[in-house]
Amino acid sequence: MNSTGTEHLLNVVDVEATCWPGSPPPGSVSEIIEIGLAVVDLSAGVRLARHRVLVRPVRSDVSAFCTELTGITQDEADRGLPFGEACRLLAAEHASGARPWASWGDYDRHQFTRQCGATRTPYPFGRRHHNAKAVFTEANGLRKRPGMAQALEIAGLPLEGRHHRGVDDAWNIAALVLGLVGRGEWPDA
């Protein structure tokens, strides 16, 4: 292991953002309201920890549709950290700039890029990002990229917790990553 102790650790990240059944209301933009993070030890093949960071939106509200999908209410989001503080927390407590990280697809990475740019917040992650959905699709010889819940079914794994809850989705994605690690199909393994 290297001197930072992060060589074999991977952060699996899943975000939930404000959303609507159609276009955002005038003046609103989609903002992160939850950052779910699971820490994976790639060498030991285990999920070490799971974390949930609630983030307070400032340019949108949590719609009834969003609450139904994620379980996150406006009141809960209002008690979250400001986005910049949440990003600093990822860097300070989860070595997000040093560790490789993964998400299911590129949505999470793009959402951070957009929101960091819009708020002039330093991007909290390093350059080593893995699209777990793309790795899973290729490893399983699939023609179409499955959603996380469908991938769990394909892998014969249970859905743990609530789907569309960032902390639970990160934990489930971490299980899929470990399955790929076990088969020798993960890039950093």
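Visitor: How many helices and strands does the protein chain have?
Guide: Helices (H or I, at least four residues) and strands (E, at least two) are DSSP runs, numbered from the N terminus. This is a predicted model, where local features need pLDDT of at least 70, side-chain atom pairs count only at pLDDT 80 or more, and totals for chains, interfaces and linings use all residues. Residues are numbered from 1 along each chain as its sequence is written, and side-chain values use heavy atoms, with hydrogens and water left out. The protein chain comes to seven helices and five strands.

Visitor: In what order do the elements of the protein chain run?
Guide: Start at the N terminus and read along the protein chain. The order is β-β-β-α-α-α-β-α-β-α-α-α.

Visitor: What share of the 189 residues in the protein chain is buried?
Guide: Buried means under 20% relative accessible area (1.4 Å probe, protein chains only). By that cut-off, the buried share of the 189 residues is 49%.

Visitor: At what angle do helix α6 and helix α7 pack?
Guide: Axes here are lines fitted to C-alpha atoms, for helices over the stretch in contact, and angles run from 0 to 180 degrees between N-to-C directions. Helix α6 covers residues 148-155 and helix α7 residues 166-182, with their axes 10 Å apart. Their packing angle is about 35°.

Visitor: Which residues of α6 and α7 make the contact?
Guide: Contact means heavy atoms within 4.5 Å. From α7 come Asp-169, Asn-172, Ile-173 and Leu-176. From α6 come Met-148, Ala-151, Leu-152 and Ala-155.

Visitor: What does the C-alpha trace of the protein chain span along its principal axes?
Guide: Take the C-alpha trace along its principal axes. The spans are about 45 × 40 × 25 Å.

Key. Buried means under 20% relative accessible area, exposed over 50%, partly exposed in between (1.4 Å probe, protein chains only).
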